Every structure is written in C-alpha cells, then in structure tokens.
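I opened this notebook page to record what I looked up. The overall layout comes before the side chains.

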Amino acid sequence: SKLTLRLVISFTLMIIIPVSIVYLVSVSFLTKSINSWFDVKVESALEGGLSLGQKTLNILMKDVELKSRSISYTIGNTAMDQRRSVLTDMREKFNIEEVIIYDEQLKILELSSANESQIPTIPNYEDIEKSLNGFYGFIEEVDNKILLRAYMPIISNTEISLTKSFLEIKQPIPIEIANLAISVESVYEDYQRLA
C-alpha cells in the first residue's frame with residue numbers, strides 16, 4: 001500500500017507539473033492574443049477610419065450642394081429656349097454625371113447626362129418635397145455604385161411661372177473612395193461582432 005501510495009503521488013506530480021506549465025503558458029498566450037485582437041488602438045483606428053470616410057462623404061455632398069446651387073441659380077436666370085445648352089455646359093464644367101430638371105408632376109423638362117444610353121430613374125415625390133425649402137441630398141447605392149443624389153428648387157427670375165421646377169443631380173462617388181468606405185465599414189462591423 002505504501003508503494004502504491006508513492007507511485008500515485010509520483011505519477012500525480014509527474015502529471016501536475018507539466019500540465020500546470022502548459023496551462024499557465026496557454027492562459028498567458030491566449031490572454032495576450034485576445035488583448036491584442038481587441039486592442040483599444042485597433043478599435044480607435046477603425047472608428048477613425050469610419051469617421052474619416054463619413055467626413056469625406058460629407059465634403060463630397062457639400063461640393064454637390066454648391067454645384068447644385070450654382071446650376072439652379074444659373075438656370076433660373078436663363079431663358080427657356082437656352083436652358084438645355086446651359087445645363088449641358090454646366091454639367092460638363094462641374095464634371096457631373098447627370099442633371100435633370102423636373103416640373104411639379106415629375107415630368108422631365110430638361111436632361112443632360114454623361115451617359116446618354118442610361119434611362120433616368122424618376123425620383124420619389126417625398127425627396128422633391130424635402131427640397132422645397134432648399135437643398136436636399138442623400139447617398140444611395142445603385143448597381144454596385146455609390147451615388148450622391150441631390151435636389152434643389154429652381155427659382156425663375158426671368159419669367160413669371162405658376163409651376164415650380166426642380167433640379168436633380170446624380171454624382172457617383174469615385175470608385176476608390178467608395179471601395180475604401182465599404183471596406184472600412186465591413187471590417188468595423190466584423191470587429192464589433194467579434195468583440
């Protein structure tokens with residue numbers, strides 16, 4: 001029985017010592033690994049990238065707003081028979097993909113597009129209503145492209161008209177910026193899910 005007890009104790013020590021060493025090393029490794037995965041610096045970098053992407057989109061939207069105000073003012077002071085040529089000139093000057101003028105019934109009055117084969121999509125009346133007091137713009141994804149879409153009322157100073165007209169601008173976000181924004185947002189969502 002003494003021999004059996006000694007054998008049990010010696011085998012127990014032979015098992016406990018290596019298992020303890022492996023356990024301590026494993027716990028230390030996993031703790032350091034998990035802490036490095038969910039490091040505050042990584043999270044703040046991802047949040048910074050997300051914020052930077054949002055600010056870039058805001059700057060692009062502000063640029064579209066300035067362009068739409070300029071076009072709206074110019075079209076409002078242009079005679080009806082010259083609107084098409086002025087609209088095309090301004091679209092090319094501002095490097096905009098598509099500019100459309102609608103009336104209150106969403107009938108297209110004038111259209112200038114960089115892609116003539118593209119059929120324009122009729123906007124929601126709610127979006128037009130939101131632009132009654134001034135500029136209204138938003139970001140949307142269409143056919144794997146991110147577009148800035150903006151609306152602006154046209155105030156005509158040359159002719160007295162009872163019907164209102166509205167300007168619509170479609171401007172795609174450069175593909176590099178769009179891909180980076182989508183990538184950062186996707187990685188940030190994955191990181192939050194893992195956390």
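My entries on fold, surface, charge and aromatic rings follow.

**Fold.** I was working with a predicted model. I looked up the secondary structure and found 5 helices and 5 strands in the protein chain. I then read their order from the N terminus: α-α-α-β-β-α-β-β-β-α. Next came the radius of gyration, which is 31 Å for the protein chain. The globule rule gives 16 Å for 195 residues, so I noted the chain as more spread out than a compact globule.

**Box and contacts.** I took the box along the principal axes. The C-alpha atoms fill roughly 115 × 30 × 25 Å. I also looked up contacts between residues at least 6 apart in sequence; 56% of them join residues at least 24 apart.

**Burial and surface.** Of the 195 residues, 31% count as buried. The protein chain exposes about 13100 Å². Carbon and sulfur atoms supply 61% of that area.

**Charge.** I looked up 19 positive and 26 negative charges in the protein chain. Their mean positions lie 11 Å apart.

**Aromatic rings.** I searched the whole structure and got 2 aromatic pairs. In one of them, the ring centres of Y136 and F138 are 5.6 Å apart. Their planes meet at 40°, so I logged this pair as tilted. Ring pairs link Y136 and F138 with Y151 into a cluster.

Is F138 buried or exposed? I looked up its relative accessible area, which is 19%. Buried means under 20%, so F138 is buried.

Conventions. Residues are numbered from 1 along each chain as its sequence is written. This is a predicted model: local features need pLDDT of at least 70, side-chain atom pairs count only at pLDDT 80 or more; totals for chains, interfaces and linings use all residues. Side-chain values use heavy atoms; hydrogens and water are left out. Helices (H or I, at least four residues) and strands (E, at least two) are DSSP runs, numbered from the N terminus. The radius of gyration is taken over C-alpha atoms; the globule rule is 2.2 Å times the number of residues to the power 0.38. Buried means under 20% relative accessible area, exposed over 50%, partly exposed in between (1.4 Å probe, protein chains only). Contact means heavy atoms within 4.5 Å. Accessible areas come from the Shrake-Rupley method with a 1.4 Å probe; for residues, only the protein chains shown count as cover. Lys and Arg count as positive and Asp and Glu as negative; His and the chain ends are not counted. The place of a charge is taken as NZ of Lys, CZ of Arg, CG of Asp or CD of Glu. Rings of Phe, Tyr and Trp (its six-membered ring) pair if their centres lie within 6.5 Å; planes under 30 degrees apart count as stacked, over 60 as edge-to-face and the rest as tilted.
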